[in-house]
Amino acid sequence: MKNKRKCTNKYRTNNPEVDVNKPDSVVIDEPEEVGEPCTINNNNNNTQKKIKETKLNSQKRKKPDKATDAARVPKIHRQTEEKKLSEEENKSIEGHKPTQVETDCQNVPVKRLKPELSKEQTLKREKLRRMLQNKDPEKKNKPEEEQKDEPVVPEATEVKLDRSASLRSRMEERLDAARFRYINEVLYSTTSGEARRMFRQDPDAFWIYHRGYTSQVQRWPSNPVDAIITYIQQRPPSLVVADFGCGDCKIARSVKNKVHSFDLAATCELVTVCDMADVPLDDDSVDIAVFCLSLMGTNLAEFLSEANRVLKMRGILKIAEVASRFDNVRNFMSALAKLGFKLLSKDTENTHFYSFEFEKTEDASGNVGLQLKPCVYKKR
């Protein structure tokens, strides 16, 4: 036992000062000498100690090679080090703070998402959703409780309602247009008395005709009644005017003169409903008589003879009609001459409307055969 205690550890260095000064140099014996037992002979021990000391001193003087050191490290130590590294990597992946590995180039920081960015995104999404839900300005002004109480109508039903309403309006427009064309043909192909009876039996027929007529006027390049209004405005306001077939009474509303408005049906309180072949006026009581697109019916010669009756001598007759109704303008002027009118001026250059100005020179003598082509609207 005494000899065993005196046995020295071959891994212990005899020079501790060298070990302190050089901590990086690790001296590891070859694996062949690890399992050698200590001998009992003192002489052999002394010789072995000297040999070992010489070997250790030579190894300390030499610079350690990293490649050789790594190769000399036993497999057991390497496995333990690899296990430690793998455990540290797993800890960093699970959410622990990553270990800062010092490299020769630079330290690589680990990026993290800020919680503020996710909050901003959620706020933006909520705002967009509210804006899409509250598109109507009326709903924005209402409180949230009232909006919740309102029934939610699906978009599909709204689209169906819009389509059905538009289809219904189109069908109504087509029906009104068809009735307007029919009434227009009746007015041109019958006498004024028959047309008046039709409007008495069916009051809606006049309003259908009136709406269709106003829609047609909007498509015209110019309205001839405007030219007649400017003519009356240039004359003295004391002159009395008779408007045969007044319609919406535009002349009576636009001039300062006294205007008698006559038509088969009344659109306002200014209209006197009567047959234009027999108006409630005295003889020689009117200064200006107007027929603006109203020479309708088969008895239009009776309208003109009635205008001659109510006009004063040297009174003015203004006529404006669609240009397509005139086959021969000279025949029309000669018929007016037989009814006691003298032509003062005419405008037949307009492509849409012809206008005439006559003066009463004498009373009408008998009946005159006067016809104009009917103005029939084409089906659209």
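These are my notebook entries on a predicted model of one protein chain.

**Entry 1. Overall make-up**

I began with the secondary structure and found 15 helices and seven strands in the protein chain. I then looked up burial: of the 380 residues in the chain, 30% are buried. The chain exposes about 28100 Å², and carbon and sulfur atoms supply 50% of that area. For contacts I took residues at least 6 apart in sequence; 64% of these contacts join residues at least 24 apart.

**Entry 2. Cysteines**

How many disulfides does the structure hold? I found zero. I wanted the reason, so I checked two cysteines against the 2.5 Å cut-off for a sulfur pair. For Cys249, the closest cysteine sulfur belongs to Cys268 and lies 3.5 Å away, which is too far for a bond. For Cys274, the closest cysteine sulfur is in Cys246, at 8.9 Å, again too far for a bond. I also looked up accessibility for both. Cys249 is buried, at a relative accessible area of 0%, and Cys274 is buried as well, at 6%.

**Entry 3. Helix 10 against helix 11**

Next I looked at how helix 10 (residues 192–201) packs on helix 11 (residues 203–219). Their axes are 4 Å apart and the packing angle is about 110°. An angle of 65 to 115 degrees counts as roughly perpendicular, and helix 10 and helix 11 are therefore roughly perpendicular to each other. I listed the residues that meet: Phe199, Arg200 and Gln201 from helix 10, and Pro203, Ala205 and Phe206 from helix 11. By type, the residues of this contact are four nonpolar, one polar and one charged.

While in helix 11 I looked up Ser215, which lies in that helix. Is Ser215 buried or partly exposed? Its relative accessibility is 30%, so I noted Ser215 as partly exposed. The C-alpha atom of Ser215 is separated by 10.0 Å from that of Ala177, and the two residues are 38 apart along the chain.

**Entry 4. Helix 14**

I checked burial along helix 14 (residues 300–310). Eight of its eleven residues are buried, so helix 14 is largely enclosed by the rest of the structure. Which residues of helix 14 are buried? I noted Leu300, Ala301, Phe303, Leu304, Glu306, Ala307, Asn308 and Val310. The list includes Glu306, a charged residue by type.

**Entry 5. Ile288 in strand 4**

I found Ile288 in strand 4 (residues 286–292). Ile288 is buried, with a relative accessible area of 1%. Leaving aside neighbours within four places in sequence, I wrote down its contacts: Tyr231, Ile232, Leu239, Val240, Val241, Ala242, Leu311, Ile316 and Lys318. I also looked up Gly315, which is 27 residues from Ile288 along the chain; their C-alpha atoms are separated by 5.9 Å.

Is Lys360 buried or exposed? I found it at 0% relative accessibility, and under 20% a residue counts as buried, so Lys360 is buried. Which residues does Lys360 touch, not counting those up to four places away in sequence? I noted Asp284, Asn308, Arg309, Leu311, Lys312, Met313, Arg314, Gly315, Gly340 and Phe341. One of these, Asn308, is also among the buried residues of helix 14. Leu311 in the list is also a contact of Ile288.

How values were computed: Residues are numbered from 1 along each chain as its sequence is written. This is a predicted model: local features need pLDDT of at least 70, side-chain atom pairs count only at pLDDT 80 or more; totals for chains, interfaces and linings use all residues. Side-chain values use heavy atoms; hydrogens and water are left out. Buried means under 20% relative accessible area, exposed over 50%, partly exposed in between (1.4 Å probe, protein chains only). Helices (H or I, at least four residues) and strands (E, at least two) are DSSP runs, numbered from the N terminus. Contact means heavy atoms within 4.5 Å. Accessible areas come from the Shrake-Rupley method with a 1.4 Å probe; for residues, only the protein chains shown count as cover. Axes are lines fitted to C-alpha atoms, for helices over the stretch in contact, and angles run from 0 to 180 degrees between N-to-C directions. Angles under 35 degrees count as roughly parallel, over 145 as roughly antiparallel, 65 to 115 as roughly perpendicular and the rest as oblique.
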